[in-house]
Amino acid sequence: MVMTTTQENRIYASAAEAVADIFSGAMVCVGGFGPVRNRAITLCQALADRTDVRDLTLVANSFPHQPLAENKLVKKFIGAFGGSVYRRAAASEEGIRSGEIEFEPSPQGILTERLRAGGGGIPAFFSPVGVHTVVADGKERRTIDGKEYILETALKPDFGLIRAEKADALGNLTGIGSTLNFHPAMAAASKVTIAEVDEIVPVGSIPPEEVKIPGIYVDRIVVRDPELNKAEEAAEIQRRARREVPKDVEKVGLSQDLMALRVANMLKPGQYVNLGMGIPTKVSNFIREDQGVFLHAENGILNYGPEPDEDEYRWYYYNAQGVPVTALPGAAIFDSLAAFTMARGGHLDVVVLGGLQVSAGGDLANWWAPYMAAGGMGGAMDLCTDVPELIVAMEHVTRDGEPKILNECDYPLTGKACVTKIVTDLAVIDVTPDGLVLRELAPGVTVDYVQERTEPQLLVAADVREMQF
């Protein structure tokens, strides 16, 4: 087949050429979720090297490339993660902390939905997510069928920088594993979409059913330097090799692994379960093969299993924390738009989240604490919105020994009256209309010991017992 001039014009010789017309004040979205390999780093670096561009508005899950902040290109950041608990993103976090970068937090699923709306010509929509949180500040509210909603506006970026596995000259893109995440929504929403791909293949060599992003959405294509993928693979191997084995620390109560095991044993056959970041991520390692539980992740995978051994490892299968996982027989992959449709649409049975604070009434705060510049709400607000059972797995007290189960949360809320059960290193507690009911105790822990470290008065179940594993 002979390509037309229009087809040839989609392919750019360099990333610098592809981003040459991004202008000061533009809105630029950057796809990616998890591994660096899933982000358009070549394009991001080419943009960061521009000395004539300022006042960009970036839209991304988390701040996509630190040189963009270091080189003072960014005026505003719209995202689900404004910073890292571990302060790994110093330049962008310090910019947010100082006010140099304006930060607009947007729940992960609603961020995706705002992009979908932008791509579909819908200027705004009403959302139930974050109604009782800072996300609702300054937004129009409306009650529909007895439920409160807030008005969210669409996002329509000037430029979109996305990643894909393969492209043909017509701009059709393929994806692999659980790597689609925001890329399809961003491609559709952006006025100019630039794709960074591993390979350009002849037109017709991608079967129609394997096209994940149709060429109608893609304006420019750049081939990624293969050395970047090799470097990322080597870095991942090193990370996995030096993964710390938990040290035996003398403490009262359960280790994080035992907390995860206790949660895993609560799950029932046939349940669809989402696991949040932190301790909940570990739960997948303790679900038995015959348990019949289907794990769901916001980046776009259903029915995943535990972390792989070296023979099973595939970089493109990972969960919402970016941790490598296995795809079990019968697994499905999709993008983040579909993942959050499953979550907000009431298709999940259980969500397991980490927590910074939980109130006596089941309010959850898990996205910001005073030591964070901007915090990271991720997809937790979406996941809290319509799920029958929400289990919080967390340490019972802070590192300073302060209670994390309080009469009222001090930190900004993730969700109101959404928690049904709390699993800590000391106890299992049910959240009920009558109060917090102490159901189980960690081995060697007494009722008095738990109560001393819990602000609300606990109701002790008549059959309170020691946890069983």
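Me: Which residues is I162 in contact with, leaving aside its neighbours within four places in sequence?
Reply: In this predicted model, side-chain atom pairs count only at pLDDT 80 or more, local features need at least 70, and totals for chains, interfaces and linings use all residues. Residues are numbered from 1 along each chain as its sequence is written, and side-chain values use heavy atoms, with hydrogens and water left out. Contact means heavy atoms within 4.5 Å. By that rule, I162 meets A40, L173, H183, M186, A187, T193, I194, A195, E196 and I213.

Me: Is I162 buried or exposed?
Reply: Buried means under 20% relative accessible area and exposed over 50%, with partly exposed in between (1.4 Å probe, protein chains only). I162 has 0% relative accessibility, so it counts as buried.

Me: How far apart in space are I162 and A40, C-alpha to C-alpha?
Reply: Along the sequence, 122 residues separate I162 and A40. In space, their C-alpha atoms are 5.7 Å apart.

Me: Which strand is D168 found in?
Reply: Strands here are DSSP runs (E, at least two residues), numbered from the N terminus, while helices are H or I runs of at least four. I162 is found in strand 8. D168 is also placed by its residue range, 159-168, which is strand 8.

Me: Which backbone nitrogen lies 3.1 Å from a polar atom of the side chain of D168?
Reply: The D168 side chain has a polar atom 2.9 Å from the backbone nitrogen of L170. At 3.1 Å, the backbone nitrogen belongs to N172.

Definitions and conventions. Polar contact = N/O pair within 3.5 Å; in protein donor to acceptor, adjacent residues only side chain to side chain.
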